[in-house]
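Okay, thanks for coming, everyone. Let me put the structure up and we'll walk through it together.

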Amino acid sequence: MESPQRVAETRLPTSHGVFRMLVYRDGEGLEHVALTVGDVTDGAPVLVRVHSECLTGDVFGSHRCDCGEQLDRSLDYLQQQGRGVLLYLRQEGRGIGLANKIRAYALQDVGYDTVEANLALGLPVDCRDYGVAAAMLRDLGIARVRLLTNNPDKIAGLERNGIAVVERIPLQTLPHPANRRYLQVKQQKLGHLLPPLATGTEG
Ligand SMILES: [Zn+2]
């Protein structure tokens, strides 16, 4: 895979605080983002959140998942800590794309769970690739991370690509009636690390 190239950067004031925003373009022309706070190049492990694009959750505040809430919490947490990185990867719907994600939602409305719906559509359950994330971290001078996640696949994905995950920091959100079943399935079928009855997850 061709490494993503850093193509633009600027200072970005937001409602969460001020970030440095860097844009990377990968070999397929997709544009990924790194938002950084503080000095992340001093060699000490860096707090990192790897967030996959979720238009419905991130932008519209959908209650089908808790991506938007996780994004907000992550950005707040990075600002509180004063040092860290959020990678925003353009792999909508765990990599299946927006239209397929919405088709899967429609199947969920007639009784399929999030895993069964993807399988019924002939799609992989999760085709996210963390090679791009690892390459972006390397470009930022980061080799060791403290990863903000509930998802063991993310840890494995980064480590497979040469990034050392020295600590996992859980991220929890509150369940809504509309996403409770989704969160249970993520926990039971996708191996997310959540406390019993609890419920924050990601995807
Ligand atoms: Zn989502």
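This is a predicted model: local features need pLDDT of at least 70, side-chain atom pairs count only at pLDDT 80 or more; totals for chains, interfaces and linings use all residues.

Arg 144 has Ala 164, in E7, as its bridge partner. Zooming out a bit, E6 and E7 pair in the parallel sense, over five bridges.

Now the whole sheet. It's an open one made of seven strands, in the order E1-E2-E3-E5-E4-E6-E7, and the pairing is mixed. Strands E1 (5–14) and E7 (164–169) sit at the edges with a single partner strand each, so one side of each has no neighbour in the sheet. From one strand to the next, the twist averages 25°. Helix H5, residues 131–139, packs on this sheet, touching E1, E2, E3, E4, E5 and E6. The direction of H5 makes about 145° with that of E5.

On to the metal. Which residues coordinate the zinc ion? They're Cys 54, Cys 65 and Cys 67, each through SG, at 2.2 Å. In sequence the spacing reads C-x10-C-x1-C. Cys 54 is in the loop between strand E4 and helix H1, while Cys 67 is in helix H2, 13 residues apart. Both Cys 54 and Cys 67 are buried.

That brings us to H2, with its 15 residues. Its buried residues include Cys 67, Leu 71, Leu 75 and Leu 78. Seen down the axis, the buried residues of H2 fall within an arc of 165°, so they line one face of the helix. Among the elements covering them are E4, H1 and strand E5.

Conventions. Residues are numbered from 1 along each chain as its sequence is written. Side-chain values use heavy atoms; hydrogens and water are left out. Donors are N, O and S atoms within 2.8 Å of the metal (3.2 Å for Na, K and Ca); water is not among the atoms, so sites may look incomplete. Helices (H or I, at least four residues) and strands (E, at least two) are DSSP runs, numbered from the N terminus. Buried means under 20% relative accessible area, exposed over 50%, partly exposed in between (1.4 Å probe, protein chains only). The expected span of a helix is 1.5 Å times one less than its number of residues. The arc is that of the directions from the helix axis to the C-beta atoms. Contact means heavy atoms within 4.5 Å. Two strands pair if DSSP finds at least two bridges between them. Axes are lines fitted to C-alpha atoms, for helices over the stretch in contact, and angles run from 0 to 180 degrees between N-to-C directions.
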